[in-house]
Amino acid sequence: MSLEQAVEAPQKTAAEAAEVAEDWRPKILAFTCNWCTYAGADLAGLNRMNYPADVRLLRLPCSGRVNPQFVLHAFQKGCDGVLVCGCHPGDCHYSTGNYFTRRRMLLYRRYLEYLGIEPERFQIRWISGSEAGKFRDTVVDACEAVAKLGPNTKYREEGR
Amino acid sequence: MSRIGVFLCHCGTNIAATVDMTRLAEATKELPGVVYVEENKYMCSEPGQQAVKQSIIDRGIDRIVIASCSPRMHELTFRKMLTDTSVNPYMLEIANIREQCSWVHKDKEAGTKKAIDLVRMAVAKVDRNAPLFTSEIPITKRALVIGGGIAGIQAALDIADAGFPVTLVEKEPSIGGKMVMLDKTFPTMDCSACICAPKMNDVGAHPNIEIMSLSEVEEVTGYVGNFTVTIRQKAKYIDYDLCTGCGLCEQKCPSKVTSEYERGLAKRKAVYKPFAQAVPSKPIIDAKNCRKFTEDRCGVCEKLCTVNAIRFDDEDKLVTLEYGAVIIATGYELIDWTSLYGEYGAGAYPDVIDGLTFERIINASGPTEGHIVRPSDGKEPKTVVMIKCVGSRDPHKGKAYCSRACCMYGAKHAHQFLDKIADGECYVFYMDVRAMGKGYDEFYMNTLQDGATYIRGRVAKIYPEGDKYICIGEDTISSKIVTVSADLVVLDTAMEPQESADAIGRLFGVSRDLDGWLTEAHPKLRPVETNTAGVYLAGTAQGPKDIPDCVAQASAAAAKVIGMFCLKALESNPMISVVDEINCRGCGDCVDVCPYKAIAMETVERRENSVWVTRDIAVINSGLCQGCGACTASCKSSALDLLGFTNEQILQEVDALCL
Ligand SMILES: Cc1cc2nc3c(=O)[nH]c(=O)nc-3n(C[C@H](O)[C@H](O)[C@H](O)COP(=O)(O)OP(=O)(O)OC[C@H]3O[C@@H](n4cnc5c(N)ncnc54)[C@H](O)[C@@H]3O)c2cc1C
């Protein structure tokens, strides 16, 4: 579905959205770069840190690989929150990739907000390979924020 | 239809303790394309790998998912394992159910659900994997070293000694760099020429090294293993094949010019060798100052030269050669303090000099034969003030960084001065003393023993009074204003990158940091590599450092080059970007975002809809592409994709997660 089609697509009614199951947990997808954030997440594991199981990581070489369309696609298919995480600006494994991510995604975040997706549902975070704690905190915060908002209904395809 | 085998690793109890493996296996069996699911206690172990290989044969599996620890741990292990099977090593995905699941989720129910999701995502992705093939990139086993300072010299010698040919390109008439200008070197105080000149001679005489002096790199194409480099050899006006270096021309040349090597303290001729131990040990003609060129007169050298080596009609030559690897060792310059420090006289006071000029003054083979005298009147100075951090650690005026060699050469200069002038007084204004090398602090302590007075603080102003220079500064330990009436002032000025670093960086796609130093690929773990594969850094081109560090880094860079040259061929990374030529509309956005200069626009003529059209399309250089994928996200027409992480694969994963 293209963006134009998505904007036209029928939205779930408030009543439908209100029927949230007791045991509902948010579904959050995190696009992470291989070199920093994915490594930071591995380190959180190595340190046996504990965090909610609602986030799934999708490993990419660089956060610069994330096409904004992937993000929309995730919301369309049923994700309640999306994270894009990479190396800190200036530390990109590929020197400049995350500079593009930063510009592109911050702009995109405002666009999604304009389209009605709460900004808490789409976050951009820089987490280095040593910042296991920051990774855990990011996951905890994201889960909490998205759980508070409830399931995403905007642009969600029917039946999802 | 793919035939996917999924192998679930228990990792002892590391995974099995918090993930219900039986449920995971049951759920996995239901996934589309999965023909076989197997569990093992340790999949990475030898028996574990054997079991996987056997199942591939027995079950006719054509791609696999391993659910285990992080791919950062064992992706390579399993890829290697696949090379012994019929399955392509890239038909593999790893579901990270240890670091990102069993180790972080105590709740078995939630952990098991997540593990199922992760496996489902991996299965969905591997379904769209395509076999990828590394190709062999041949290596031209010749190295290019740019810059003939001590770093370039060391690197060239190491590579040449290992048996590989080296071209050493130096922009000046002789190699040697700054080190050959120094008198003695800290902390051992051995004479710089005595340790540098023999190395220069070794370079000059080495059968594997070709020196291209008075030359600069002009153009670079290609990639690791196969750079094509065009070098401009500037006209020397002397035929080096004939010249014997007898020096008669230089003796008889009537034109006298200020010597750069002697920092303006002496004259040289228009046909000259910059210094006695120069390598190559042959002169050049400085056309700007030669009367033959400026006035069309003289020509004495031509008349006297017994071997007819003078060539007034010589021209710049461009040579193009192939190289497998490049080491950039272009060194440093001293900051132009005169434009920054009006309070120190902005260069108007002849006896306020920088450290390199002082090196020439105390040098036994220098213009004063090592007698310490003032440039203005030739008198012996009794009181010397040395000021450290001029331009260093001073973000308001100069650079924020520390230049690293100055604390030590400041101590060296104080020691040398007090050694030569028994009744001399030496005041050193400093911010801190950083003497962290081997034997360095001891050296500094000895200088204090020698009687040098260290005052913590910067000098705020210098002004002349009679034939003295009044230096006013604050002693920040006693909080008192200190005034010293000095005969000579030496400024330990900041190192800054060579002017040409910018151009060199651009030619080779090596970025520069905020201060202009060429940047290494990783500040800790890849200190001599750059982001351009096959291009390495050595010496002060990468940042301020002293000679021991330059030499160490040069040998490290050389080791990297030798290591590469010992390979039969390079293996290319197959996970790179590809262009869909039909969809590429030739906007060139991808060219701008590529950090490796791996994309170029090419004009092609092609038949489309039964007509011939000429248009621009992006072309990826597979040797340069490192597979970051930045171009793919910048492509408005989705004509670029990244192998191994294709749009389709990623969207499949997203879909699988959302099921
Ligand atoms: C006053 C003073 C005293 C010092 N005393 C000591 C000491 O006692 N002990 C010590 O360990 N260190 C000392 N140092 C530091 C020392 O000078 C440096 O660490 C060392 O010389 C750096 O060597 P290099 O090869 O990196 O650079 P350089 O010596 O600067 O050599 C770089 C070379 O590259 C050439 N080049 C530049 N650009 C190009 C180009 N585009 N193409 C081709 N060639 C190019 C240059 O002409 C030069 O020959 C001192 C420094 C100063 C300023």
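Which residues does S485(B) touch, not counting residues up to four places away in sequence? In this predicted model, the contacts of S485(B) under that condition are T383(B), K468(B) and I470(B). S485(B) belongs to strand β26 of chain B, which spans residues 480-486. With 12 C-beta neighbours inside 10 Å, and because a residue with 12 or fewer is classed as exposed, S485(B) counts as exposed. P367(B) lies 118 residues from S485(B) along the chain, and the C-alpha atoms of the two are separated by 26 Å.

Chain B as a whole contains 18 helices and 34 strands. Along the principal axes, its C-alpha atoms fill a box of roughly 95 × 70 × 45 Å. Of the 659 residues in chain B, 48% count as buried. When contacts in chain B between residues at least 6 apart in sequence are considered, 70% of them join residues at least 24 apart.

The assignment divides chain B into domain 1 (4-127), domain 2 (135-234 + 316-331 + 498-568), domain 3 (235-314), domain 4 (335-496) and domain 5 (577-643). The centres of domain 2 and domain 5 of chain B, taken over C-alpha atoms, are separated by 33 Å. Contact between these two domains involves 7 residues from domain 2 of chain B and 6 residues from domain 5 of chain B. On the domain 2 side of this contact, 3 residues are nonpolar and 4 are polar, with no charged residues.

The ligand is surrounded by 39 residues, of which the closest are G147(B), G149(B), G177(B), G331(B) and G539(B). By class, this shell comprises 17 nonpolar, 13 polar and 9 charged residues. At least two shell residues are supplied by each of α6 (150-161), β19 (332-334), α11 (355-362), α12 (406-420) and α15 (547-565) of chain B. Both domain 2 (135-234 + 316-331 + 498-568) and domain 4 (335-496) of chain B give residues to the shell, and the ligand therefore lies between them.

Two of the elements that contribute to the ligand shell, α6(B) and α15(B), also pack against each other, at an angle of about 35° and with their axes 8 Å apart. The crossing of α6(B) past α15(B) is right-handed. From α6(B), the contact is made by I150(B), A151(B), Q154(B), A155(B), D158(B) and I159(B). From α15(B), the residues involved are I547(B), C550(B), V551(B), Q553(B), A554(B), S555(B), A557(B), A558(B), V561(B) and I562(B). Classified by residue type, this helix contact has 12 nonpolar, 3 polar and 1 charged residues.

Between the chains, the contact takes 36 residues from chain A and 38 residues from chain B. On the side of chain A that touches chain B, the elements giving two or more residues are α3 (37-46), β2 (55-60), α4 (68-77) and α5 (97-115) of chain A. Among these elements, α3(A) gives the most, with 6 residues. The side of chain A that touches chain B has 19 nonpolar, 9 polar and 8 charged residues by class.

Conventions
Residues are numbered from 1 along each chain as its sequence is written. Chains are lettered from A and ligands numbered from 1 in the order in which they are written. This is a predicted model: local features need pLDDT of at least 70, side-chain atom pairs count only at pLDDT 80 or more; totals for chains, interfaces and linings use all residues. A residue is near a molecule or strand if its C-beta atom, placed from the backbone, lies within 6 Å of it. Helices (H or I, at least four residues) and strands (E, at least two) are DSSP runs, numbered from the N terminus. Ala, Val, Leu, Ile, Met, Phe, Trp, Tyr, Cys and Pro count as nonpolar, Asp, Glu, Lys and Arg as charged, and the others, Gly among them, as polar. Domain bounds come from an automatic or database domain assignment. Axes are lines fitted to C-alpha atoms, for helices over the stretch in contact, and angles run from 0 to 180 degrees between N-to-C directions. A crossing is left-handed if the near helix is turned anticlockwise from the far one by less than a right angle, and right-handed if clockwise. A residue is buried if 20 or more other C-beta atoms lie within 10 Å of its own, exposed if 12 or fewer, and partly exposed in between; C-beta atoms are placed from the backbone.
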